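Hi,

Here is the model I promised to pass on. Have a look at it first, and then read my notes below.

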Amino acid sequence: MTDILRTENLKIYYGQNEAVKGVDLSFPENSVTALIGPSGCGKSTFLRALNRMNDEIPGSRMTGSIWINGRNINAPDTDVTVLRQSIGMVWQRPNPFYKSIYANIAFGPKYHGIKNKKQLDQIVEDSLRKAALWDEVKDRLHQSALSLSGGQQQRLCIARALSVQPKILLLDEPASALDPVSTAKIEELILQLKEQLCIVIVTHNMQQAARISGHTAYFYMGKLIEYDKTDVIFTNPSDPMTQEYISGRFG
Amino acid sequence: MSAKLKDRIATGVIVAFSLLIIAILLGMLGYILVRGLSHISWDFLTSVPETIRAGGGIGPQLFNSLYLLVLTLIITIPLGIGAGIYMAEYAKGGRLTAAVRLVVEVLSSFPSIVVGLFGLLLIVNTFNFGFSVLSGALVLTIFNMPLMVRVTEQAFRNVPKEQKEAGLAMGLSHWKIITSILFPVALPAIITGTILAAGRIFGEAAALLFTAGMTTPRLDFTDWNPMSLNSPINPMRPAETLSVHIWKVNSEGIAPDAAEIAAGASAVLVLMVLIFNLLARWVGRLLYRKFTSIK
Amino acid sequence: MKAKQETPLLFRKHRAEEWIGRIYTTFCVTLLIVVIFSIVYFVASKGVSTFAVNGISLSEFLFGTEWLPDNNQFGALPFIFGSFITSLLAAVIASPLSVCAALFMTEIMPSWGKKVLQPVVELLAGIPSVVYGFIGLSVLVPFLRDIFPGQGIGVAAGSLVLSIMILPTITSIATDALGSLPRNLKEASYGLGATRWQTIAGVVLPTVMPSVLTGVVLGMARAFGEALAVQMVIGNAPHIPRSLFESASTLTSVITLNMSNTVMGSAQNNALWSMALILLFMTFVFVFVVRLLERRAKI
């Protein structure tokens, strides 16, 4: 397994406040890595750094390096717009565009220059199938995406992210706003997508991290406390703080 | 129990004043409609005004008002939306932004007569556009732009920020996000605001006295050559609007039925404003439902 | 990164889009700024020529009471006085009505108020000023003529018409301020056993007062700049009236009536531009006061 994504001494500041204090982490291809830790520990900030989304927050600053395919993307000459086209992202709250289901998926590929209707239809179908949504929506592709349920909307957002065939998928608590059935579907989906993607997921749900991830990183107060194979973290963590957190004593 | 008594008196006063306001509006609408509607006929709406004889109509004025409105909106909408987008999406909260915000505020507080005088000086005289529909439209643009800027900025700010985030994470350019993702969501509010602004433009008179002028050439509704002086769509001809006509009839009208004409024209004007109001509400609701597709 | 080398076209496309957006929106904003500076520059340069070219002294213009253009006397005090007195009176009449309407919509009967009074206020805001002038002339003036001395026209008629016109401005701002009050503020007062009026007078009104004043100043600004409705009912006599029911003039009314009857560049015409300059100056004063009040309302 090769590492497709790696951070080196990554520090992120909001104004004077150092939110992430020098994190080194690698993410292998075709894997799921879970980022866990109490609220405000910097895990979401770290995730948002990986596609430079923090750039959009006024006053935020980042030092250190992020290597993707051997290239440091935390460099001034990086075109973040182009960078983001190869990284998918999904948030806690589903945010489909106020458009039809079809238009939501076709939007990205169209923007990238695919004009052929048949080709677009194919991409829409493939993406929806990959997101396990095709059977539920194939008869109403031209209805508004907002008519879908919350769980369906979230899978639509995943399909939208997949439509441009990213190599990396960033998930920021993708199931925490959903009901248990929808959550199960999303988790199943993540396990399938793992075959082709490097997935990084932030989650508050310990069981979820244990169920779906190969590796787990525990963050606390902006520091990476421990990183290891998920079963090691959950059965035999080396740091007592990790032990306390995963057993639910704080956080 | 003086506290209780005071409470009752105060409540009574508040309710009475509120009822008074409602009564004033109803009284005004009633007066205008009762006096005006009886004078409105197809003939009144289409025929030419008379200066000394009775029986004149408001045809050209009605046409002028509508034509001026359309021309103004064509100029204002792209400019106002552009500036509004700048305020909502590009302006960084610095000193420059604060200055632009102040400019919008001041511009929207300028008395319309002053804006009209500026139009007289710069557009009518210096640019030599003369008393014309175009001069009027340009002045109304100045008058209307701040409103459009505010409406657009507010509409864009009300779009959930997750929409923009999704676009950014997809690697879209900021401009593409604005035009393809945010704009459709903001559109219902922008359209509602534009229609309301249109009602205001339609009733404006002070800014037009010295720009669109107080006369209308004899219009030939078979002549659609925009260069011809008698063509209704010639933008360089003077154009007295309905509002200006009401003012003129009231202050210097000598036709024996001047009061009836003023009442009839006022009724038309008020009805148009009412229609704009209702239209704005209806279109806003309709578009909102269409875009969110909650059936 | 590989993707970057493969798609140079896309790279150019989004850069180009970004430029289009920036240039277009910046152009629109720049236009706004250019317009406002031109308005100030052109009106000021014309308005100053009364003093610079025609040699009329500023103090004679501002404090002179004789407006006799044929006699080369250009005292604009009657008009300045007329503008101030009508807009002040309009604010005095409209403010209590507006505050009551706002209280009605937020404190007394929110549901009914939102359904009936709110649309009424919005409609009042939408009625064109010439229609106000027309109704003033055909209803209010005869009414005043019947019960008061004089011809019915004058400062009283002007102020009353203006007060209805600025009512929506004050009401909507007061309603917003009342609506955004924290709930617990009132609950604390009711909890102490205060009546509704005691709560309104003791807690609610003092808290929203700066916002209400903002509305009042904005209303006054509108009244000060309003031209046609006032001109139609005030009588247009160029002197300071001795009573509310005597014909008078405002800055806007004298500009409206005389601008097209005077020759561009003549002393009388320039004096009208100086009055426009006063209107412009007062706009800045009103905006400044509003800003001050808004800052206080935030604290």
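Two residues are in contact here if their C-beta atoms, placed from the backbone, lie within 7 Å. With that rule, seven residues of domain 1 of chain C are in contact with seven residues of domain 2 of chain C. The domain 1 side of that contact divides into three nonpolar, three polar and one charged residue (Ala, Val, Leu, Ile, Met, Phe, Trp, Tyr, Cys and Pro count as nonpolar, Asp, Glu, Lys and Arg as charged, and the others, Gly among them, as polar). The assignment for chain C puts domain 1 at 2-52 and domain 2 at 67-298; such bounds come from an automatic or database domain assignment. Taken over C-alpha atoms, the centres of these two domains of chain C are 36 Å apart.

Before the rest, some housekeeping. This is a predicted model, in which local features need pLDDT of at least 70 and side-chain atom pairs count only at pLDDT 80 or more, while totals for chains, interfaces and linings use all residues. Residues are numbered from 1 along each chain as its sequence is written, with chains lettered from A and ligands numbered from 1 in the order in which they are written.

Staying in chain C, look at helix α4 (residues 77-108) and helix α9 (residues 196-225): their axes come within 9 Å and cross at roughly 140°. Helices (H or I, at least four residues) and strands (E, at least two) are DSSP runs, numbered from the N terminus. Axes are lines fitted to C-alpha atoms, for helices over the stretch in contact, and angles run from 0 to 180 degrees between N-to-C directions. α4(C) and α9(C) are therefore oblique to each other (under 35 degrees counts as roughly parallel, over 145 as roughly antiparallel, 65 to 115 as roughly perpendicular and the rest as oblique). By class, their contact has eleven nonpolar, five polar and two charged residues. Among those in α4(C) are Ala90(C), Ala94(C) and Leu103(C), and the α9(C) side includes Val212(C), Gly219(C) and Phe224(C).

Now for chain A. Six strands form an open sheet with mixed pairing, in the order β6-β7-β8-β3-β9-β10; two strands pair if DSSP finds at least two bridges between them. β6 (87-90) and β10 (223-229) of chain A are the edge strands, each pairing on one side only. Neighbouring strands of this sheet are turned by 15° against each other on average, direction ignored. Helix α6 (residues 150-162) of chain A packs on the sheet, where it touches β6 and β7 (168-172), and its direction makes about 170° with that of β6(A).

Thr216(A) has Asp228(A) as its bridge partner, and Tyr220(A) stands opposite Lys223(A). The hairpin of β9(A) and β10(A) has two residues between the strands, and Met221(A) takes a positive phi near 50° there.

Chain B has ten helices and zero strands. Its C-alpha atoms fill a box of roughly 75 × 70 × 45 Å along the principal axes.

Cheers
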